[in-house]
Each structure stands twice: as C-alpha cells, then as structure tokens.
Amino acid sequence: TDTLDSIMVKDYYLVGNSAMSYEVAQTFDKEFLIINLVTAIVIFLVVLFTFKNFPLSILLICVIECAVFAMMSVMTVAGSPIFFIALILVQCILMGTMIDYAILFTTYYMETRKTFCLEDALPEVMRRSAYAILTSSLILILVTFICGLFMTGTVAAILQTLSIGAFCAILLILFVLPSLLVILDKWIIKDSKEIRELSEN
C-alpha cells in the first residue's frame, strides 16, 4: 500500500483474496480481542445474575474461554485453516451453548452439596448430570462434524470448528470443572451450618 500511495494520483481500491487476507491480518487481533471481551462480559453478567456468586462466575467463564483457546490450539496443531468469520461465529455460539452445560453441572453440584459431604457430592453430581450433558452435546458435536464433511468453504469451516470447540468444551466441563469446583468449594458454596457439618463428617 505504501508503494501504491506513492505512485497513484487518484483514489484506488484493492480487490481479491490477497487484499482481503491482508485486511483481515491487520485487524484480526484487535477485533478478536474486542469480540472476546464483549462476549465474556455479557455471559459473565448472566452467570453472575443466575448464581449471585462472583468467584463461581469467574470460574465458569474461564473454563469456557479455555475451551475456545483449546479449540484454536487443536486446529493449529492439526494444520486446519482457521477462518476469521468461522472463528468469530463459533466463539459466540460456543460460549453461549457450552456455558449452559457448565451452569447445569454447577447447579447440580450446589444442590447436591446441601445434602452430601464433599467426598460424596462429586460422584452423585456426575451420575445425575453426565447423561444429560453428554446426550445433548454429542448430538451437537456429531451433527456439526458430519455436516461439515459434506460442505465446502466457509460453511464447512464453521461446522468443523464448532464441532472441535464443543468437544473441547465438554472435556473441560466433565473432567476439569469438577476438580475446580472441589478446590474452590469453600468460596462458591454458601457457608451454611448444614454444609459445614457435612464437610466435617
């Protein structure tokens, strides 16, 4: 562009894939950061309104954010192309849908802790929530993955990216989130007399 600015007298326009790729490369980091922050803040406020628990809201947002970065890492290692539009759309969809599973699991955990001690609560939560989470999430993962195989271009990229992202999110929700809830139990569970007695038993 500097060369064209020096030799062109009138206004000019750049067209084609090279120009589009250059423009996206120049604005990607800034736009992705803005969209990421806005999405995270909105979902954080919704979760905070739901649970009225600041540490828990931060925890759930961090888990879903990690799923987004895990998705990008998997695609990079696999050598799959990452389209800007696909990444933006998938991030919004992924955070909006996967946070529901995280909220469901956490709700079961908080309800179970009212009647179970810490050691017994987690197996009970897994028994009650895993089936519901896996049934719904596997449909999303498999349908988007299979449909992506028969599509081309941006549509295929969106579907495949969404499938990988949902898979990463479910792994984090079922295997990482439970451990974090146990570690942060005393901060996210209301310190009632009944729960203290259960924890001591």
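So, salt bridges: a search of the whole structure turns up three of them. I'm counting a side-chain nitrogen of Lys or Arg within 4 Å of a carboxyl oxygen of Asp or Glu. Keep in mind that this is a predicted model, where local features need pLDDT of at least 70 and side-chain atom pairs count only at pLDDT 80 or more, while totals for chains, interfaces and linings use all residues. Residues are numbered from 1 along each chain as its sequence is written, and side-chain values use heavy atoms, with hydrogens and water left out.

Let's take R128 and E111, whose closest N and O atoms are 3.8 Å apart. R128 sits in helix α5 (residues 118–150) and E111 in helix α4 (residues 84–112), so this pair ties together parts 17 residues apart in sequence. Helices here are DSSP runs of H or I with at least four residues, strands are E runs of at least two, and both are numbered from the N terminus. R128 is partly exposed at 32% relative accessible area, and E111 is partly exposed too, at 40%. For the cut-offs, buried is under 20% relative accessible area, exposed is over 50%, and partly exposed is in between, with a 1.4 Å probe and protein chains only.

Next up, D185 and R113, with 2.9 Å between the closest N and O atoms. D185 is in helix α7 (residues 185–188) and R113 is in the loop between α4 and α5, so here the parts tied together are 72 residues apart in sequence. Buried or exposed, then, for D185 and R113? Both are buried.

Then there's E124 with R127, at 2.6 Å for the closest N and O atoms. These two are three residues apart in helix α5, which puts about one helical turn between them. E124 counts as buried at 17% relative accessibility, whereas R127 counts as exposed at 57%.

Okay, zooming out. The chain has eight helices and zero strands. Of its 201 residues, 37% are buried. If you take contacts (heavy atoms within 4.5 Å) between residues at least 6 apart in sequence, 71% of them join residues at least 24 apart.

On to the inside. In soluble globular proteins, nonpolar side chains tend to be buried together. The largest nonpolar core here has 47 residues, and L56, L60, M98, I99, I173, L177 and L181 have the most contacts inside it. By core I mean buried Ala, Val, Leu, Ile, Met, Phe, Trp, Tyr and Cys residues joined through side-chain atoms within 4.5 Å. Which element gives the largest share of this core? That's α4, with 14 residues. As for L177, once you skip neighbours within four places in sequence, its contacts are L59, L60, V63, A102, F105, T106 and L172.

Now the outside. L134, L138, L142, F145, I146, L149 and F150 make a nonpolar surface patch with about 700 Å² of accessible area together. Patch residues have over 30% relative accessible area and no salt bridge, with like charges joined within 9 Å and nonpolar side chains (Val, Leu, Ile, Met, Phe, Trp, Tyr) within 5 Å. Areas are Shrake-Rupley with a 1.4 Å probe, and for residues only the protein chains shown count as cover. One of the patch residues, L142, lies in helix α5 and is partly exposed at 48%.

You'll find K52 in the loop between α2 (17–51) and α3 (54–78), exposed at 59% relative accessible area.
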